[in-house]
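Please load the model in your viewer and keep a selection panel to hand.

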Amino acid sequence: MIHPHTELQFISDEMGYGVVATKLIPKGTITWVQDKLDIVLSSAQIDAMSDFYKNILDFYTFRNNKGDYVLCWDHAKYVNHSFRSNCLTTPYDFEIAIRDIYPGEQLTDDYGYLNISRPFRGIREGTRRRIVYPDDLLKYHKKWDKSIAEAFVHITDVEQPLEEILAPDILEKIKNISQGEETLDSILSCYFQEGEDN
């Protein structure tokens, strides 16, 4: 489920639609949680579908660390890629704002940590990276871990509208990490190695 202070908006002909903040979403806010309404499909389930469905799923899903495809039920599936993303995934089936996201600004992910199947060229943003590769998580996990850790410092200090749908064990983990009783797991644990399907 995407953060409630967002809406779907048309961004441009090149990008299509995107998810835009309607209020300030402070750094450390949980911006998305995988919930019970999201659909999780195995490679075998998708292989059994017609090309019509495969094309839709190829566009709107991401892969988790088990190689399953996750289709978000709400407008979370419209979050666009950015090499300067303001959200990052965590190993706990939720994403976090790594900086303040202002009203009218898109919520963005770096698709490099979403286990894409093939490379694609991103929109130019003045970054050295121009192409997203399936193994970007192996290359950039340390940088992303640092950004997540810096955002996690604020996680118990900001309003968390999605807190009620977090599993009890995840809530406990957040509390323990915040109090220094547990270590924050690396985003590297989200990586799926192509060819290791269930």
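How do the residues of the lining of the largest pocket divide into nonpolar, polar and charged? They comprise 24 nonpolar, 15 polar and 11 charged residues, where Ala, Val, Leu, Ile, Met, Phe, Trp, Tyr, Cys and Pro count as nonpolar, Asp, Glu, Lys and Arg as charged, and the others, Gly among them, as polar. This is a predicted model, in which local features need pLDDT of at least 70 and side-chain atom pairs count only at pLDDT 80 or more, while totals for chains, interfaces and linings use all residues. Residues are numbered from 1 along each chain as its sequence is written, and side-chain values use heavy atoms, with hydrogens and water left out.

Select Phe59, Thr61, Phe62, Tyr111 and Leu114 next, which lie nearest the centre of the largest pocket among its 50 lining residues. On a 1 Å grid over the protein atoms alone, a pocket is an open set of points where a 1.4 Å probe fits, with protein on both sides within 12 Å along at least five of seven lines, and lining residues have an atom within 4 Å of a point. Helix H2 (51-60) is one of the elements that supply at least two residues of this lining, and H2 gives the most, with 4 residues.

Now select Cys87, which is buried at 2% relative accessibility (buried means under 20% relative accessible area, with a 1.4 Å probe and protein chains only). Cys190 also counts as buried, at 12%. The sulfur of Cys190 is too far for a bond, because the closest cysteine sulfur, in Cys72, is 14 Å away.

Definitions and conventions:
Buried < 20%, exposed > 50% of the residue type's maximum accessible area, 1.4 Å probe, protein only. Disulfide = S-S within 2.5 Å.
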